[in-house]
Amino acid sequence: MSGNLFGNAYQVMTFGESHGKYIGLVIDGLKPGLEISLDEIQQELNRRRPGQSSVTTPRQEKDRIEVVSGILEGKTTGTPICMLIANEDQRPGDYEKLKNILRPGHASYTFLKKYGIFDFRGGGRASGRETATRVAAGALAKQLLEQREIKIFAYTRAIGGIEISEVDPSFIEKNPLRTADPEAAGKMLAAIESAKNEGDSLGGIIEVVVQNCPPGLGEPVFHKLEADLAAALMSIGAVKGFEIGSGFKAAQMKGSEQNDPFYYDRAHQRFRTKTNNAGGTLGGISNGEDLVMRIAVKPPSSIAKKIETVDRDGNPVVFGTGGRHDPCICPRIVPVAEAMVALVLLDHLLLQDRISKENNLDELRRKMDTIDQQILLLLAQRFDYIGKIAEEKKRMGLDVSDHNREKTVKKNWTASTKTLDLDPEMSKNLVDLILKHSKKKQQEVLQ
Ligand SMILES: Cc1cc2nc3c(=O)[nH]c(=O)nc-3n(C[C@H](O)[C@H](O)[C@H](O)COP(=O)(O)O)c2cc1C
């Protein structure tokens with residue numbers, strides 16, 4: 001099975017199945033010496049962990065992270081970072097009776113067609129459990145992004161058609177739905193409970209916001225920032241839609257409404273846009289405004305309500321799901337979405353660092369070339385004066401050589417060499433050379 005590797009500069013490979021012994025990940029591409037807090041990684045895993053409330057699956061997993069390699073005394077060593085998370089609360093028996101059923105909304109049929117074999121124990125690789133590894137890699141990425149003041153947060157915007165009407169960021173982690181509007185939270189909870197009582201489930205919309213994203217991230221053609229963000233977010237199970245900025249509403253707007261006018265923010269010495277319909281990118285490259293994305297999450301497919309389907313031999317079956325499942329997975333997808341966005345941003349940031357370094361070198365060389373031109377220009381002016389001095393000496397009947405004057409020039413030169421902290425040998429060679437050629441020029445004029 002390929003396609004388990006994510007990213008170009010910050011590379012993450014995940015492995016493991018829902019009901020195997022472990023799930024895990026390997027991260028490659030980080031330089032040594034970066035400070036990493038394992039506590040913060042654990043906190044992010046705790047946010048995604050099942051069994052947190054009545055709206056999430058009662059499966060009990062501690063999701064304890066075990067670092068196998070690549071981090072020593074809180075710092076990256078520059079070698080691959082391997083982390084493991086044990087699957088402790090496995091009950092493959094829950095899935096035994098589903099072994100031969102083609103479960104609607106699940107990946108069993110397509111896995112079977114593709115591989116000829118399917119790990120029926122809770123979805124195998126297609127299980128939401130796999131996303132714990134993404135959260136671990138994302139939590140590490142988030143720390144490195146935060147060290148550069150880049151902040152990512154997500155929240156539930158809608159559940160079962162109930163949409164929030166205000167955004168209170170301080171409320172997000174205080175409610176089991178991770179929504180941002182206390183009033184909508186109550187209605188959403190009631191809707192989930194009611195769907196659950198009917199043996200059903202609900203979907204929703206999650207919004208992800210990135211603050212302080214620097215301008216310049218994203219490659220202009222096949223790795224546009226929004227294209228990579230869309231791919232990353234759409235790779236999460238149950239995500240069925242992606243939009244950025246005004247998204248699908250842009251199709252109904254006029255150009256004059258959709259365009260975001262620029263202005264210069266003198267206080268922060270940067271260009272900004274008055275509105276943010278673009279959602280933080282232009283031409284696939286971040287423009288420095290907040291990145292604002294939304295994803296549509298479908299209602300979980302595992303429901304107690306009886307539904308008709310067929311088994312592997314095509315015989316009709318009516319079944320309702322046993323096992324342990326979430327009536328709404330939006331609150332658990334919130335940290336996963338943040339993690340996927342963190343992976344994309346760190347990947348692009350590390351790529352951009354490489355480009356910036358190249359740009360920096362070019363820029364420094366350009367500045368040096370300008371200085372060289374200025375040195376030559378000043379030399380030409382100096383030799384003009386030498387010519388004029390020689391004319392004066394000729395008129396006054398003076399010699400070319402003037403030892404006292406030569407001593408004064410050298411003395412001034414040495415004093416400036418010390419003040420400017422220049423190499424004395426280089427300085428002496430230069431003054432000797434200039435004086436030698438000055439004398440030569442004066443002699444030419446006097447002859
Ligand atoms: C964190 C997380 C938890 C999930 N929990 C469940 C669940 O309890 N029940 C379910 O039917 N699907 C759940 N899913 C969704 C399935 O993994 C997904 O719908 C399935 O693999 C089919 O893939 P698709 O919906 O992307 O086509 C979960 C997904 C994530 C990311």
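## Salt bridges and a cavity: a guided tour

Select Glu 163 to begin: this residue is partly exposed, with a relative accessible area of 45% (buried means under 20% relative accessible area, exposed over 50%, and partly exposed in between, with a 1.4 Å probe and protein chains only). The model is a predicted one, in which local features need pLDDT of at least 70 and side-chain atom pairs count only at pLDDT 80 or more, whereas totals for chains, interfaces and linings use all residues. Residues are numbered from 1 along each chain as its sequence is written, and side-chain values use heavy atoms, with hydrogens and water left out.

A salt bridge here is a side-chain nitrogen of Lys or Arg within 4 Å of a carboxyl oxygen of Asp or Glu. Arg 157 counts as buried, at 18% relative accessibility.

Helices (H or I, at least four residues) and strands (E, at least two) are DSSP runs, numbered from the N terminus. Glu 207 is buried at 7% relative accessibility, and Arg 294 is buried at 15%.

Now select Lys 439 and Glu 406, whose side chains meet in a salt bridge of 3.3 Å, N to O. Lys 439 lies in helix α9 (residues 424–446) and Glu 406 in helix α8 (residues 403–419), so the pair ties together parts 33 residues apart in sequence. Lys 439 is partly exposed, with a relative accessible area of 29%.

For a network of salt bridges, display Glu 44, Arg 47, Lys 142, Glu 173, Arg 178 and Glu 338, which are linked in this way. The whole structure contains 22 salt bridges.

The final stop is a cavity: on a 1 Å grid over the protein atoms alone, a set of points where a 1.4 Å probe fits but cannot get out, with lining residues having an atom within 4 Å of a point. The structure holds 1 cavity of 30 Å³ or more, and the largest cavity has a volume of about 80 Å³. Grid points are joined across faces, edges and corners, and a volume is the space filled by probe spheres set on the points. To display part of its lining, select residues including Leu 98, Arg 103, Phe 118, Phe 120 and Arg 312.

Notes: 1 Å grid on protein atoms, 1.4 Å probe; cavity = no way out; pocket = protein on both sides within 12 Å on 5 of 7 lines; lining within 4 Å.
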